[in-house]
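I opened a new notebook page for this structure and wrote down what I looked up, entry by entry. Come along and keep the view open beside you.

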Amino acid sequence: MVEKQNIPSFDLKRNYARVKDEIKEAVDKVLDSQYFILGPEVEALEREIAGYLGVDKTVACASGTDALVLAMMSLDLEEGDEVITTPFTFFATASCITRSGAKPVFADVDPVTYNISPEEILSHITPRTKAVLPVHLFGQMARLEEITPRLAANNIMLVEDCAQAIGAHRMIGGKIAKAGSVGDVGCFSFFPTKNLGCYGDGGMVTIPRDAERAARIKSLRVHGEGKTYFHEEVGINSRLDALQAAILRVRLRHLEEWTEERRMAAERYMLLFGEKGLLDMVTPPAEEAGNRHVYHQYVVRAKKRDDLQKFLAERGITTRVYYPLPLHLQRCFSEFGYKKGDLPVSEMLADEVLALPMYPELRAEEQERVVKEIATFYRGHN
Ligand SMILES: *Cc1c(COP(=O)(O)O)cnc(C)c1O
């Protein structure tokens, strides 16, 4: 019977079942209060996440995309300014740059971690570089300490896209540094499938060490208001709902446990690939020394990726491709003049990566079946 069951790429229902009572109680409390936009629940969440991440200030907002937009607005970018980022990421990482009026400069990624390469960042810095926007992709932090001295020396801002990396950390200078605490600004998403998701859209900006910038971002999220109805500048409307904040506060209490379950599932995949002799065909994700990977996604590189994905789908196993077309080749960015071959590692990864089912509630038997089917596929394709 177990053989017949589908294995989805994620399963929010299993997660909800674990926290249903706590969530309902928290939601009820907000409904009784009839306080829906920002307010005490949101402020409590902002404090709790600041504490969890070890940052000075946080500002909750309406989505991860808006967190990036607010971060960019706070940098006062002008036409001709350049922001260095990765082409191997979700679209919002680059669209926030073009919306700010600046130009995205794409730097290629590391084939092992899939993260933007520090060497590539450094080699793309010009006098027009105003900011660097690395992504901690799939839940593992990029090697920020290799770029921070040069950025500081040149007054270049560092904005971390932490949408996939809440709770990830990296040993920097002998200390544990969490994602979102290293740069000038960090951007988080609470999209339902992220490691800390709400039940709708939500996001947060972290401002680790700059109270003035934090106050500005707080104002930008409410139309640039200073005193109510008095506007210092033109901002946007990007507030977090109290209901979402209440849900997030419940889920934050479980985040560490769920992260450890993801890490255990990742270890189990790794062992199973080894046992089945698949390591020539499938390259599992690598956790760099000093890193805590939070496995938002478990992304392997696979030979004959498209055929494998189809084979697994026919057997009820859903996998995903993050990301099939690097951003430098997206039609909407054609004005920047990139062509195929410009960023070869990102382009190669786009053809090889496959995200296997990964969530805290994924069962050992399900992982065994995923790996067994992968082994069956490659036996037929040698
Ligand atoms: C999810 C995500 C975003 C955007 O977050 P939303 O909440 O969906 O707007 C930005 N960057 C990365 C890397 C993401 O994964």
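**Cysteines.** I started with the rule that a disulfide is a pair of cysteine sulfur atoms within 2.5 Å. By that rule I found zero disulfides in the structure. Cys162 takes part in none, and the nearest cysteine sulfur, in Cys187, lies 7.0 Å away.

Before going on, I noted that this is a predicted model, in which local features need pLDDT of at least 70 and side-chain atom pairs count only at pLDDT 80 or more, while totals for chains, interfaces and linings use all residues. Residues are numbered from 1 along each chain as its sequence is written, and side-chain values use heavy atoms, with hydrogens and water left out.

I then checked burial, where buried means under 20% relative accessible area, exposed means over 50%, and partly exposed is in between (1.4 Å probe, protein chains only). Cys162 counts as buried because its relative accessibility is 0%. Cys198 is buried as well, with a relative accessible area of 1%.

**Helix H8.** For names I used DSSP runs, numbered from the N terminus: helices are H or I with at least four residues, and strands are E with at least two. Helix H8 spans residues 242–252 and is mostly covered, with nine of its eleven residues buried. Among them I marked Ala242, Gln244, Ile247, Leu248 and Arg251. What covers these buried residues? Counting contact as heavy atoms within 4.5 Å, I found that the cover includes helix H1 (12–33), helix H2 (40–53) and helix H9 (255–275).

**The sheet of E7, E6 and E11.** Next came strands, which pair if DSSP finds at least two bridges between them. Three strands form an open, antiparallel sheet in the order E7-E6-E11. E7 and E11 stand at the edges with a single partner strand each, so one side of each has no neighbour in the sheet.

I followed strand E6 (residues 169–172) to strand E7 (residues 175–178) and found four bridges in the antiparallel sense. Arg170 stands opposite Ala177 in E7, and His169 stands opposite Lys178 in E7. The hairpin of E6 and E7 has two residues between the strands, and Gly173 there takes a positive phi near 60°.

On to E11 (residues 291–292): two bridges pair this strand with E6, again antiparallel. Here His169 stands opposite Arg292.

**The sheet of E10, E12 and E13.** Another open sheet has three strands in the order E10-E12-E13, with antiparallel pairing. Its edge strands are E10 (282–283) and E13 (353–356), each of which pairs on one side only. Strand E12 (residues 298–302) is joined to E13 by four bridges, and the bridge partner of Arg301 in E13 is Val353.

**Helix H10.** I looked at how H10 (residues 305–314) sits on that sheet. This helix lies across E12 and E13, at about 25° to E13; axes are lines fitted to C-alpha atoms, for helices over the stretch in contact, and angles run from 0 to 180 degrees between N-to-C directions.

Which residues of H10 are buried? They are Arg305, Leu308, Phe311 and Leu312. These cover an arc of only 125° around the axis, so they lie on the same side of H10; the arc is that of the directions from the helix axis to the C-beta atoms. The buried residues pack against E12, helix H11 (344–352), E13 and helix H12 (364–379). On the face turned away from them I marked the exposed residues Asp306, Lys310 and Glu314. Just after H10, Gly316 takes a positive phi of about 80°.

**Aromatic rings.** My last rule: rings of Phe, Tyr and Trp (its six-membered ring) pair if their centres lie within 6.5 Å, and planes under 30 degrees apart count as stacked, over 60 as edge-to-face and the rest as tilted. This gives 15 aromatic pairs. Tyr16 and Tyr199 are edge-to-face, because their ring centres are 5.9 Å apart and their planes are at 85°. Tyr16 lies in helix H1 and Tyr199 in the loop between strand E8 (185–189) and strand E9 (203–207), so the pair ties together parts 183 residues apart in sequence. I also noted that ring pairs link Phe88, Tyr114, Phe138, Tyr322 and Tyr323 into a cluster.
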